[in-house]
Structure formats: structure tokens, C-alpha cells
2 protein chains.
Amino acid sequence: MNLNRPLILASKSPRRKQILENTGFSFIIKEKEIEEIYPSDLPIHKIPTYLSELKATAFEDELKNEIVLTADTIVSIENQALGKPKNQQEAIEMLQLLSGKKHEVITGITLLTKENKITVSDTTEVYFKKLSSAEIDYYIDNFKPFDKAGGYGIQEWIGYIGIEKIVGSYWNVMGLPIHKVYQLLEKYFI
Amino acid sequence: MNLNRPLILASKSPRRKQILENTGFSFIIKEKEIEEIYPSDLPIHKIPTYLSELKATAFEDELKNEIVLTADTIVSIENQALGKPKNQQEAIEMLQLLSGKKHEVITGITLLTKENKITVSDTTEVYFKKLSSAEIDYYIDNFKPFDKAGGYGIQEWIGYIGIEKIVGSYWNVMGLPIHKVYQLLEKYFI
């Protein structure tokens, strides 16, 4: 698949890189440090698109011919937004909260060019079985999920043994709803 | 996780091997050639458990202390069961049939010991977007999905760009509902 413009993935997530690579698009990675701050009264489901737009904004003044792709993923449960756990204790608390329940993983993506900005979001429901303390401790000790929203990676041990069901896109849970990225790139840039 | 008996995975699928490895169980692979024949009047949703039991039966007379795990996966759509495509033409026809529709992936698993046999099945709904002929041809030419039920691998290009949603276990679509395998092994063999 050849795009008619250069594509920039503005994310340091190795998972987003891997997923985008697997679709066969050529791209480079270029990330800008952005403080991920959103208004405290923003509804949870709007946080990811707010932040993906914010990340894209940082590129606004320098784009010539390129397409910039940004993304932001959060976990939403019981009216709380979970980002990345700061430490072991926070990771334990997040997994205890997710244990035995359904939560939502929401990713916002923004495609920015000099002329246009397209933002969409995707939601996947994830159902965890009841996790034992031993399972939570084993996972955090061995996988150190401090770079992952909600404190887990679906593609890791905890996802294999603990997730009973998802409703939506699997790749969205990993951080990039690739079917929607493909659809937009194909529609506008091929 | 240490099991109290040796575990044998009786499958030549590299995907099942990979999934079971990722749960951390030790096992060996031992496969027996079995003709996968089932009664023509068997309801589609019973085919996978019928075949996983058939595959397990081949081990019945030689088990001492071991647990044998067998599995069978089919794709079910519009009252047809799709197995592995025999050639390019069949692969094209299968993907044309799946295009723009929902289908079900059903995996049967059997755990056999000298004393007991446990069989369960797991179903995942998969929703494909409308696939173009170019997409179908590109996928089959490059990925040659002749070892995969329904003619596709969810973890391959076609899964990234073409699957909009699943309802159920992702690993089940790849051929092994690992959360159920783990649950049974943990319950009976730890």
C-alpha cells in the first residue's frame, strides 16, 4: 500500500509501531514531548481524542506534505480513567479494580496534515476474570506494566490467562485501532 | 505455574504452541495423524468438540501419568463449516464469503488423562469489513493461508485491516481458547 504522502507516527509506543508496520505502510517515527493534561471536567470518553489532538497540535506549524498520526489510549472503569501506573502499588490497585469486571479501552487517533485534521475514537470492552493476588503479583513482578494504560498488556501473560472476552477491536486494546487507521489512510491518501 | 503431571500438546499448529508457551506451562508436543472425519448430520457447533475428542482418543491406550490437550477449530457461517482451504481458489471463495459479514470461530478442546476426559468449546464472533478483490488477492498471494480454518489468520495483515470487531476470545480465533485451558489446568492439575 503506497500512500501519496509521507506518514509520521508520533508515538513512542513499540506496540503502535509494530501494529502499523504490520499493515505494510511505510512511515517514520517522530515524537514530541507533550504534557498530557486535559480539563478536569472533560467526560472520560473524550479524553483520548482530546489528547490525540493535543499531541498532533505540536506538529501544526512544521508540516509540509506529511501526514501525522497521533494516538492516546485510556482505560475507563466505574467512571474513572486509568492511565499508566506510576509504581508497583498503583499497578496492583489498577488490576484489583479491573479484576472480575468489564472495563472499556478507548483510543483516540488523529490524522493531521497541513490542510486537514481527522479525529476518531474506538472503544473495546474487555472482561477480566477474577484475578487472584498471586496472579496479579506474578504478572507485575515479571512484566512491569508501567508503560501501559490500566496496568496491563492484553498480549502478555495476564491477557492470556485473565481475559475471558472482548467486544471490539483487539488492536485497539493494544493502543491502535488499526482498522480505522487503514480505512482513513485508504480513503484520503491512496 | 507447575502442573502435577506432564502435559502433552497434541497439535502441529505453531500458533497453539506459541499461545500455550506464553502461559508459562511446560509441555511437549506429540501429534498423531488422525483422519478428521465427522458424521455428516452433526450440527456445526458440535464438530470442533467431536474432533478434539477424536484426536484425544488416539492417545487413550498409552497414557500413564500425562495430560493430553487436543483442539480443533472451525469457522461457521451461514450454516456452513469452513475448514482449511485446499487451494488458492478455495481460499478466495472463503474470504469472499466472509467479507462484510459476521461469522463464528468455534474451537473444541479436550483434556484427556488415564482417568478422565474434559471437553469444552469456545465461540468468538468475528466481523469482517467488506473486503475488495485486491485485498483478498494481496492477502492470499502474500500469506498463503492454507493451514488456517476459514482461510485467514486474525494475527496477519487481513486481520489488521479487515476485522472491525470480535466478540469473545482473541486467542480462540487463533485456535486455542487459552483462558479456558488455563482455568481447567489450574482447577484440576495444580
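This is a predicted model: local features need pLDDT of at least 70, side-chain atom pairs count only at pLDDT 80 or more; totals for chains, interfaces and linings use all residues.

Biologist: Let's begin with one residue. Why is B:Gly168 called buried?

Modeller: The cut-off is 20 or more other C-beta atoms within 10 Å. B:Gly168 has 21, so B:Gly168 counts as buried. Its place is in strand E7 of chain B, residues 163–168.

Biologist: Which residues does B:Gly168 touch, leaving aside those up to four places away in sequence?

Modeller: From its own chain, B:Thr123, B:Thr124 and B:Glu125, and from the other chain, A:Lys165. B:Val126 is 42 residues apart from B:Gly168 in sequence and 8.6 Å apart in space, C-alpha to C-alpha.

Biologist: What makes E7(A) and E7(B) a pair of strands?

Modeller: Pairing takes at least two bridges. E7(A) and E7(B) are joined by 3 bridges, so they pair, and they run antiparallel. A:Val167 stands opposite B:Val167, and A:Ile166 stands opposite B:Gly168.

Biologist: How many residues does each chain bring to the contact?

Modeller: Chain A brings 20 residues and chain B brings 20 residues. On the side of chain A that touches chain B, helices H1, H5, H6 and H7 and strand E7 each supply at least two residues. E7(A) gives the largest share, 6 residues. By class, that side has 11 nonpolar, 6 polar and 3 charged residues.

Biologist: What does E7(A) pair with inside its own chain?

Modeller: With strand E6 of chain A, residues 117–128. A:Val126 has A:Ile166 as its bridge partner, while A:Phe128 stands opposite A:Ile163. A:Ile166 therefore belongs to both pairings, with A:Val126 on one hand and B:Gly168 on the other.

Biologist: And how do you know that E5(A) pairs with E6(A)?

Modeller: The bridges settle it: 11 join strand E5 (residues 102–112) to E6(A), against a threshold of at least two, so they pair. These strands run antiparallel and form a hairpin with 4 residues between them. One of the bridges links A:Val105 with A:Thr124.

Biologist: Now the helix H1(A). Why do you place its buried residues on the same side?

Modeller: The buried residues are A:Arg16, A:Ile19 and A:Leu20. They cover an arc of only 95 degrees around the axis, which means that they lie on the same side of H1(A).

Biologist: Last one: which residues have the most contacts inside the largest nonpolar core?

Modeller: A:Leu69 and B:Leu69, in a core of 94 residues. Among the residues that B:Leu69 touches are B:Leu7, B:Ile8, B:Leu111 and B:Val181. In soluble globular proteins, nonpolar side chains tend to be buried together.

Conventions:
Residues are numbered from 1 along each chain as its sequence is written. Chains are lettered from A and ligands numbered from 1 in the order in which they are written. A residue is buried if 20 or more other C-beta atoms lie within 10 Å of its own, exposed if 12 or fewer, and partly exposed in between; C-beta atoms are placed from the backbone. Two residues are in contact if their C-beta atoms, placed from the backbone, lie within 7 Å. Ala, Val, Leu, Ile, Met, Phe, Trp, Tyr, Cys and Pro count as nonpolar, Asp, Glu, Lys and Arg as charged, and the others, Gly among them, as polar. The arc is that of the directions from the helix axis to the C-beta atoms. A nonpolar core is a set of buried Ala, Val, Leu, Ile, Met, Phe, Trp, Tyr and Cys residues joined through C-beta atoms within 7 Å.
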